[in-house]
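I opened this entry to look up charged pairs. I wanted to see who pairs with whom, and where.

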Amino acid sequence: VQLVESGGGSVQTGASLRLSCAASGLTFSSYVMGWFRQAPGKEREFVTAVSWSGDNTLYADDVKGRFTISRDNAKNTVYLQMNSLKREDTAVYYCAANRRVFGTRMRPDYWGQGTQVTVSS
C-alpha cells in the first residue's frame, strides 16, 4: 500500500493550498480517508476525514469552515482544500487510510510520508 501526498509548500497567511493524496495497493473505496498533521514539538493530530463513499465528512474544530476534504474513488485520490491559512496551520500533513472506523479518533491502517505546509505572515 502506498499513500503519496503532494501539494504542500510555503504560503502567506490567508492563502490557499490544495493537498492531494494518491493511493495504490488497496481497494480505495473500502477505506475511510483522512488527514492528520504534526507541528514541531507537538503530537500528530486529527484534521479531517471522509467516509468511504464521500457522503460524510468530519473536521477538527480549528479547521471547520476553512478546510474541505473530498475524494474521487475513480482516481483513488483524496484532496484537502485549505483556505484562509493561518500560521498555526504550519505542520507536516499526513494522508491516512482506515478500513473500519469513521471518526475523529480513527487509528489509521496506513500512512503517507507527509508533506510540509508552512504558513508565514
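I began with the count: the structure holds five salt bridges. The model is predicted, and I read it with that in mind.

**Entry 1: the network**

Which residues are linked in a network of salt bridges? I found Arg-37, Glu-45, Asp-62, Arg-66 and Asp-89. As background, side chains of opposite charge can pair when their charged atoms come close. I then went through members of the network.

**Entry 2: Arg-37**

I located Arg-37 in strand S4, which spans residues 32–38. Is Arg-37 buried or exposed? I read 4% relative accessibility, so Arg-37 counts as buried. The cut-off for buried is under 20%.

I next listed what Arg-37 touches, leaving out residues up to four places away in sequence. The list includes Glu-43, Arg-44, Glu-45 and Val-47. Asp-62, Val-63 and Phe-67 are also among the contacts.

**Entry 3: Arg-37 with Glu-45**

I checked this pair by its side chains. They meet in a salt bridge at 2.8 Å, N to O. I noted Glu-45 as partly exposed, because its relative accessible area is 34%. Arg-37, at 4%, counts as buried.

**Entry 4: Asp-89 with Arg-37**

I looked up the closest N and O atoms of Asp-89 and Arg-37. They are 3.0 Å apart, in a salt bridge. This pair links distant parts of the chain, 52 residues apart. Asp-89 sits in the loop between strand S8 (77–82) and strand S9 (91–98), while Arg-37 is in strand S4. The side chains make a polar contact too, at 3.0 Å. I logged Asp-89 as buried because its relative accessible area is 1%.

**Entry 5: Asp-89 with Arg-66**

I found that Asp-89 also forms a salt bridge with Arg-66, with the closest N and O atoms 2.7 Å apart. Arg-66 lies in the loop between strand S6 (57–59) and strand S7 (67–72), and Asp-89 in the loop between S8 and S9, so the pair ties together parts 23 residues apart in sequence. I recorded both Asp-89 and Arg-66 as buried.

**Entry 6: a side look at Ser-20**

I also looked up Ser-20. Ser-20 is in strand S3, residues 17–24. At 18% relative accessibility, Ser-20 counts as buried, because the cut-off is under 20%. Beyond its neighbours within four places in sequence, I noted contacts with Val-4, Glu-5, Ser-6 and Trp-35, among others. Thr-77, Val-78 and Tyr-79 are also in contact with Ser-20.

Methods. Residues are numbered from 1 along each chain as its sequence is written. This is a predicted model: local features need pLDDT of at least 70, side-chain atom pairs count only at pLDDT 80 or more; totals for chains, interfaces and linings use all residues. Side-chain values use heavy atoms; hydrogens and water are left out. Helices (H or I, at least four residues) and strands (E, at least two) are DSSP runs, numbered from the N terminus. Buried means under 20% relative accessible area, exposed over 50%, partly exposed in between (1.4 Å probe, protein chains only). A polar contact is a pair of N or O atoms within 3.5 Å; within protein, one must be able to donate a hydrogen and the other to accept it, and residues adjacent in sequence count only if both atoms are side-chain atoms. Contact means heavy atoms within 4.5 Å. A salt bridge is a side-chain nitrogen of Lys or Arg within 4 Å of a carboxyl oxygen of Asp or Glu.
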